Amino acid sequence: MIKGCKFGTHRVLQPIGSLPQGALKISNDMEIATNEILVDVKTLNIDSASFTQIKEACQKDEIKMAEMINSIVSERGKMQNPVTGSGGMLIGTVEKIGPDFPDKNLKVGDKIATLVSLSLTPLHINEIKKVNTSNDQVDVDAKAIVFESGLYAVLPSDIPEKLALAALDVAGAPAQVEKLVKEGDTVCIIGGGGKSGVLCCYQAMKNVGPNGKVIVFEYSESNAQRIRDLGLAHEVIVGDATKPVEIYNTINEVTNGQLCDVVINNVNVQGTEMSSILITKDDGVVYFFSMATSFTKAALGAEGVGKDVNMIVGNGYTKGHANLTLQIIRESESIRQLFEKLYV
Ligand SMILES: NC(=O)c1ccc[n+]([C@@H]2O[C@H](COP(=O)([O-])OP(=O)(O)OC[C@H]3O[C@@H](n4cnc5c(N)ncnc54)[C@H](OP(=O)(O)O)[C@@H]3O)[C@@H](O)[C@H]2O)c1
C-alpha cells in the first residue's frame with residue numbers, strides 16, 4: 001500500500017502534473033492507498049447539465065445512455081462528461097479505510113454521500129442497473145475511491161438515502177444564497193423551479209425578510225406552478241432565460257427599474273449568462289451555480305454592456321453546506337414531499 005497525494009495526483013494518468021478534476025484520465029484501480037477510502041457505490045446522481053446533454057445525445061434511450069456513461073467511465077476512469085466537463089456525486093457504503101485516512105470517526109459500513117464531484121472521483125462500474133431519466137440518478141454496481149482531501153457526509157438516519165443524495169448534489173447553492181442575500185434585497189432566481197432553484201428560493205425567502213423580494217424566472221409553466229404552490233417567491237415569471245432583452249424588460253418592469261441586488265443562476269442549459277448580468281444592479285452580485293455557464297460569455301458580455309457587477313463562479317462547496325441543505329428538508333415539509341415525489 002502506498003501513501004497517495006492528499007489531492008489524488010498519484011492517480012492522474014494524463015496529463016501528468018494536473019489535479020484529478022482537470023485530468024483527462026485517472027486511474028480507477030480499486031486498490032486503495034493508505035490515505036484513501038473505498039466505497040461500494042449504490043447510486044450516482046449525475047449533474048443536471050451533464051445528464052441533460054447525455055439524455056439529448058441518446059434521444060432519451062436508457063440503454064444508449066447506459067452505454068455512454070460506461071464508455072465515459074472506461075475512457076476517463078471517472079464520470080466526467082466530456083462536453084459539459086461536469087460530474088455529479090454518489091451514495092454508497094464505506095468498504096475499506098486506509099490507515100492514514102484522517103477521519104478516525106468514519107467506520108466501515110457507514111453510508112455516505114460524496115460531496116466532491118464525480119468529475120474527479122475514481123470510479124469503476126461493474127454494471128449499470130437502471131438509468132432513471134426522471135431524476136438524473138443511475139443505480140449501479142460500482143466501486144469508487146475518496147481521496148484524503150475528499151469531502152463527504154455520513155447519510156442522516158431521518159432522511160431517505162435518495163432524497164439526501166438529490167439534495168446534497170446541489171448543497172452549495174442554498175448555502176451560497178445564505179451567504180449572499182441580505183435582508184431587504186431583491187433577488188432573482190433563474191431556473192428557480194428546478195431542484196437547486198427550489199432550495200435557493202426557500203433560503204432567499206428566509207433571508208430577504210418582510211421588506212425584500214424574491215422573483216423566480218422559470219422556463220416551464222409546470223415548474224413555475226411548483227413555486228407558486230409552495231409559496232416560495234413573491235413573483236413568478238415564465239420565460240426563456242436565453243433571451244436576455246426579454247427577461248431584462250420584464251424584470252425592469254416588476255422592479256420599477258431598480259433591477260436585482262442578487263441573481264442566482266440555476267439553469268441547466270447554455271446561453272443564459274447575459275440574462276443574469278442584465279437584470280443585476282450595478283455593484284450587485286450574480287452567482288452562476290449553473291454548470292452550463294461560460295466564463296468567456298459572462299466576462300466579455302458584462303464588459304460589452306458596461307455592467308459593473310460581481311460575478312461569482314458557482315463553487316459547489318461552502319462551509320456547512322450539507323447541514324444547511326439537509327436542514328431545509330427537515331424544516332420544510334412541502335419541499336420534502338416534493339423531493340420525495342421527484343427523486344426517491
Ligand atoms: N456549481 C456546482 O457545484 C453544481 C452542483 C450541482 C449542479 N450544478 C448545476 O446547477 C444547475 C441546476 O441544477 P439542478 O439539479 O437544480 O437542475 P434542474 O433541477 O434540472 O433545474 C434546472 C432548471 O432550469 C430551468 N430552465 C431550463 N432552461 C431554462 C431557460 N431557458 N430559462 C429559464 N429556466 C430554464 C429548468 O426548467 P424546465 O425543467 O422547465 O426546463 C429547471 O427548472 C445545472 O446546470 C447543474 O449542472 C452545479
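Beyond its neighbours within four places in sequence, Ser 276 is in contact (heavy atoms within 4.5 Å) with Ile 190, Val 263, Asn 265, Val 286 and Phe 288. Ser 276 belongs to helix α8 (residues 273–278); helices are DSSP runs of H or I with at least four residues and strands are runs of E with at least two, numbered from the N terminus. Ser 276 counts as buried because its relative accessibility is 0%, where buried means under 20% relative accessible area, exposed over 50% and partly exposed in between, with a 1.4 Å probe and protein chains only.

The model is predicted: local features need pLDDT of at least 70, side-chain atom pairs count only at pLDDT 80 or more, and totals for chains, interfaces and linings use all residues. Residues are numbered from 1 along each chain as its sequence is written, and side-chain values use heavy atoms, with hydrogens and water left out.

A nonpolar core is a set of buried Ala, Val, Leu, Ile, Met, Phe, Trp, Tyr and Cys residues joined through side-chain atoms within 4.5 Å. The largest such core has 48 residues, of which Leu 168, Ile 189, Ile 335 and Phe 339 touch the most other members. Helix α5 (residues 195–208) supplies the largest share of this core, 7 residues. A second, separate core comprises 30 residues, including Leu 106, Leu 118, Ala 144 and Val 146.

In helix α6 (residues 221–230), the buried residues are Asn 223, Ala 224, Arg 226 and Ile 227. Viewed down the axis of α6, these residues fall within an arc of 150 degrees, so they line one face of the helix; the arc is that of the directions from the helix axis to the C-beta atoms. Ser 222 and Asp 229 are exposed on the face turned away from the buried side of α6. The cover over the buried residues of α6 includes α5, β10 (213–218), β11 (235–238) and α11 (333–343).

Two spaces are compared below. On a 1 Å grid over the protein atoms alone, a cavity is a set of points where a 1.4 Å probe fits but cannot get out, whereas a pocket is an open set with protein on both sides within 12 Å along at least five of seven lines; lining residues have an atom within 4 Å of a point.

| Space | Volume | Lining |
|---|---|---|
| Second largest pocket | about 240 Å³ | 9 nonpolar, 4 polar, no charged |
| Largest cavity | about 40 Å³ | 5 nonpolar, 3 polar, no charged |

Technical notes:
Points joined across faces, edges and corners; volume = space filled by probe spheres on them. Nonpolar A, V, L, I, M, F, W, Y, C, P; charged D, E, K, R; others polar.
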